[in-house]
Protein chains: 2
Amino acid sequence: MLVVQKYGGSSVANPERIKNVARRVAEYYRAGHRVAVVVSAMGDTTDELLDLMGEISPNPPAREVDMLLSTGEQVSIALLAMALHEIGIPAQSFTGLQAGIYTDEVHTKARITEINPERVIACLNSGKVAVVAGFQGVNQEGDITTLGRGGSDTTAVALAAALKADICEIYTDVDGVYTADPRIVPDARKIKEISYEEMLELASLGAVVLQPRSVDFARNYKVEVHVRSSFNYNEGTVLKEEKDLEKKGVVTGVAHDKNVVKIGVFGVPDQPGVAYRLFSELAAHNINVDMIIQSAGKEEGQNDISFTIGKNDLAKTVEILEDVVKKLSARGYTYDEKVAKVSIVGAGMVTYPGVAAKMFEALYEENINIQMISTSEIKVSCIIAEDAVERAVNAIHKKFELSN
Amino acid sequence: MLVVQKYGGSSVANPERIKNVARRVAEYYRAGHRVAVVVSAMGDTTDELLDLMGEISPNPPAREVDMLLSTGEQVSIALLAMALHEIGIPAQSFTGLQAGIYTDEVHTKARITEINPERVIACLNSGKVAVVAGFQGVNQEGDITTLGRGGSDTTAVALAAALKADICEIYTDVDGVYTADPRIVPDARKIKEISYEEMLELASLGAVVLQPRSVDFARNYKVEVHVRSSFNYNEGTVLKEEKDLEKKGVVTGVAHDKNVVKIGVFGVPDQPGVAYRLFSELAAHNINVDMIIQSAGKEEGQNDISFTIGKNDLAKTVEILEDVVKKLSARGYTYDEKVAKVSIVGAGMVTYPGVAAKMFEALYEENINIQMISTSEIKVSCIIAEDAVERAVNAIHKKFELSN
């Protein structure tokens with residue numbers, strides 16, 4: 001079997017844990033499997049590098065940020081290769097470049113465009129474990145790029161696809177994907193199997209066990225992904241195609257996300273091209289817009305547009321809005337950081353009517369006001385007050401009997 | 001003017017010092033010069049990485065050591081490029097690979113074989129400062145190599161040669177090259193100009209202001225090198241061809257080296273091939289042998305061979321000697337760690353007779369016993385007792401009136 005394993009920062013946070021990872025890899029290797037391991041930077045390394053950077057420049061060139069941050073993973077791969085060597089397992093480390101991970105030009109948020117893993121394949125074929133740096137790639141210029149938050153997951157899944165691996169195991173500090181955040185809902189249940197689409201929704205919705213882009217990659221290339229803990233041997237959660245799932249529920253899980261700002265642009269002229277101009281401007285600055293709602297404004301011939309963004313993008317968004325509001329001759333804008341998003345996700349939702357209504361009922365029973373609603377075929381999301389989010393998640397989890 | 005500047009680890013030890021380096025570079029840039037900067041890892045970074053490594057493996061594969069250590073310089077170049085950007089100087093960082101620094105295959109002690117600095121040239125031509133990682137290169141496989149202790153000096157000189165730079169400035173934590181170690185000889189004088197050959201001898205003899213290999217490179221490619229401090233604006237020491245030196249003294253400086261072990265192999269059969277077998281065995285284990293002396297032994301048909309090595313190599317050397325002494329049917333061996341080497345260096349020595357005698361006289365007047373002597377055209381070295389080294393250096397410095 002050819003296995004790609006990915007170990008996150010907490011799994012390689014110190015030399016002891018790196019040795020622990022080496023022992024886990026060794027078990028697979030000694031059982032006769034071929035193993036490629038993707039690792040993140042050790043524990044707090046990335047934060048330490050960001051602190052150093054902060055002392056030098058508040059707004060450094062993105063190319064140099066990638067040059068800096070990519071060293072974190074390079075340290076990890078070298079140390080893990082050494083740890084494997086130390087227990088008698090032949091291993092070789094590979095930077096993103098050496099593993100043939102090519103990306104676009106967007107520094108700090110690059111997308112993988114192609115993988116040419118010749119050297120990794122040669123390494124595996126020669127009976128060695130390949131240890132590959134997560135989170136990093138190289139663009140056409142030969143410059144180092146990084147894939148953004150959680151990018152090592154994407155590296156692992158993309159590498160698994162390129163190597164045609166039998167499975168991609170994502171080791172993390174949680175046991176798998178739960179029906180809700182166990183820190184908020186004590187009787188949340190671990191989900192044994194989940195479809196790519198459901199996982200994608202959950203990941204996008206703040207259940208950040210996996211980076212959404214990595215799930216998308218897994219779906220596109222049909223990579224079977226097993227999310228599990230590096231601290232125990234429990235079975236985790238397996239991502240696969242919906243048709244291959246053993247059992248399909250109506251609602252699979254409840255997600256919540258506090259990293260939300262609600263923006264309102266009001267008094268926008270009711271004419272074609274307005275939404276286009278607003279959101280293309282935001283997109284040009286790489287700002288991810290999540291929910292979008294347009295409604296008739298209070299005055300005739302005017303509309304109100306609401307949307308949500310992540311908190312990190314607020315300053316930039318405000319800067320853009322100051323300008324766009326003038327250009328569009330809108331009356332103004334507001335923003336609210338004290339909101340959160342709760343969502344239900346389930347592939348079965350399409351065929352069961354009344355699922356959304358049941359969610360709204362749960363919120364109503366808790367006397368929680370819904371500020372925005374957005375739905376997709378397998379998801380319903382509501383924006384509510386941030387301080388109501390824990391009550392909301394528990395009420396919804398109970399309403400759909402997810403702990404059974 | 002095209003300037004290559006190199007800043008060592010102590011010059012970039014923390015964000016404040018990196019900003020200081022940026023300001024120095026900015027002065028050159030704003031004066032209209034083109035500047036390529038080579039930097040080492042920040043202060044203790046390399047030691048910290050070695051400590052991490054020590055917790056994982058006592059004897060890791062050299063390829064992985066290079067993968068690990070090369071991150072130190074990568075952090076420095078990113079931060080310096082950011083610091084330059086912050087004060088309005090356009091700059092771009094380059095890893096060894098990106099700067100086109102190719103080396104042989106010998107991990108941890110690689111030699112530069114070729115430099116193809118197309119990207120660095122393009123960067124300089126576009127009006128930016130190029131910030132290049134010292135100490136690292138890439139071999140034919142695309143694997144990262146490192147150049148060994150002091151390798152950033154070699155990077156700087158080799159890059160200056162490849163770029164046909166007007167001058168290569170090596171910034172360090174001392175003011176330049178002195179007639180003797182100022183910590184030992186209070187009235188030691190800074191040498192204004194020195195020939196490559198003299199510097200090479202001084203560097204090899206323990207005056208470790210520059211890595212010998214970098215001096216050799218400078219000599220071969222006739223790169224004018226200016227060694228100076230990054231903490232002040234004093235003129236340092238300029239390395240150039242002997243014919244271009246303003247003034248040639250008989251003796252240029254006195255060097256000393258406490259990193260010496262004297263080895264004696266005695267009762268060696270007086271027959272051909274003995275020295276060859278002994279020293280080829282040591283060379284095969286990468287042990288640098290410095291002085292070698294062979295003399296007739298006490299018994300007929302036997303010789304004694306003495307030589308010196310660095311203290312780090314003692315354990316390995318003893319291991320080899322145990323074996324070689326048997327094979328050669330020698331009577332045995334001894335070693336003495338309590339020795340040091342004092343040397344005088346001067347290009348004028350060749351044409352002035354009696355220079356060595358004057359050195360011996362200085363030692364005799366201090367009642368210091370000479371254990372071994374070795375001479376070259378521009379150098380005389382003596383092995384003496386370690387505890388006499390400070391008296392010896394002062395006496396010789398005075399005898400040759402080097403403070404004038």
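Reply: Start with the two chains as a pair. Chain B superposes on chain A by a rotation of 178° with 0.4 Å of shift along the axis, at an RMSD of 0.7 Å. That is the relation of a two-fold axis. In general, two copies of a chain are related by a rotation about an axis and a shift along it. Within chain B, the C-alpha of Thr71(B) comes closest to the axis, at 2.4 Å.

A word on the ground rules. Residues are numbered from 1 along each chain as its sequence is written, and chains are lettered from A and ligands numbered from 1 in the order in which they are written. The model is predicted, so local features need pLDDT of at least 70 and side-chain atom pairs count only at pLDDT 80 or more, while totals for chains, interfaces and linings use all residues; side-chain values use heavy atoms, with hydrogens and water left out.

Now the interface. Contact here means heavy atoms within 4.5 Å. Chain B gives 43 residues and chain A gives 43 residues. The copies meet through the same surface, because 100% of the interface residues of chain B are also interface residues in chain A.

How much area is buried between chain B and chain A? Buried area is the accessible area (1.4 Å probe) that two parts lose on being put together, summed over both. The value is about 3400 Å², and carbon and sulfur atoms give 65% of it. Ile56(B), Gln74(B) and Met82(B) supply 20% of what chain B buries against chain A, more than any other three residues.

Next come the polar links. A polar contact is a pair of N or O atoms within 3.5 Å; within protein, one must be able to donate a hydrogen and the other to accept it, and residues adjacent in sequence count only if both atoms are side-chain atoms. Between the chains, 18 residue pairs are in polar contact, both residues being at pLDDT 80 or more. On chain B, helix H1 (15–30), helix H2 (45–56), helix H3 (62–86) and strand S3 (91–94) each supply at least two residues of the side that touches chain A. H3(B) gives the largest share of that side, 17 residues. Sorted by class, this side of chain B has 24 nonpolar, 11 polar and eight charged residues.

Two terms need their rules. Helices (H or I, at least four residues) and strands (E, at least two) are DSSP runs, numbered from the N terminus. Ala, Val, Leu, Ile, Met, Phe, Trp, Tyr, Cys and Pro count as nonpolar, Asp, Glu, Lys and Arg as charged, and the others, Gly among them, as polar.

A salt bridge is a side-chain nitrogen of Lys or Arg within 4 Å of a carboxyl oxygen of Asp or Glu. The rule finds two across the interface of chain B and chain A. Asp143(A) pairs with Arg119(B), with the closest N and O atoms 2.8 Å apart.

Is Glu64(A) buried or exposed? Buried means under 20% relative accessible area, exposed over 50%, and partly exposed in between (1.4 Å probe, protein chains only). At 1%, Glu64(A) counts as buried. Glu64(A) sits in helix H3 (residues 62–86) of chain A. Leaving out residues up to four places away in sequence, Glu64(A) touches Ile77(B), Ala78(B), Ala81(B), Met82(B), Ala91(B), Gln92(B) and Ser93(B).

Arg63(B) and Asp143(B) meet in a salt bridge at 2.9 Å, N to O. The pair links distant parts of the chain: Arg63(B) is in helix H3, Asp143(B) is in the loop between S7 and strand S8 (144–146), and they are 80 residues apart. Both residues are buried.

For context, the structure holds 40 salt bridges over all chains. One of them joins Arg228(A) and Glu169(A), at 3.3 Å from N to O. Arg228(A) lies in strand S11 (residues 225–229) and Glu169(A) in strand S9 (residues 167–172), so the pair ties together parts of chain A that are 59 residues apart in sequence. Arg228(A) is buried at 7% relative accessibility, and Glu169(A) is buried at 4%.

How values were computed
Least-squares fit on C-alpha atoms with pLDDT ≥ 70 in both.
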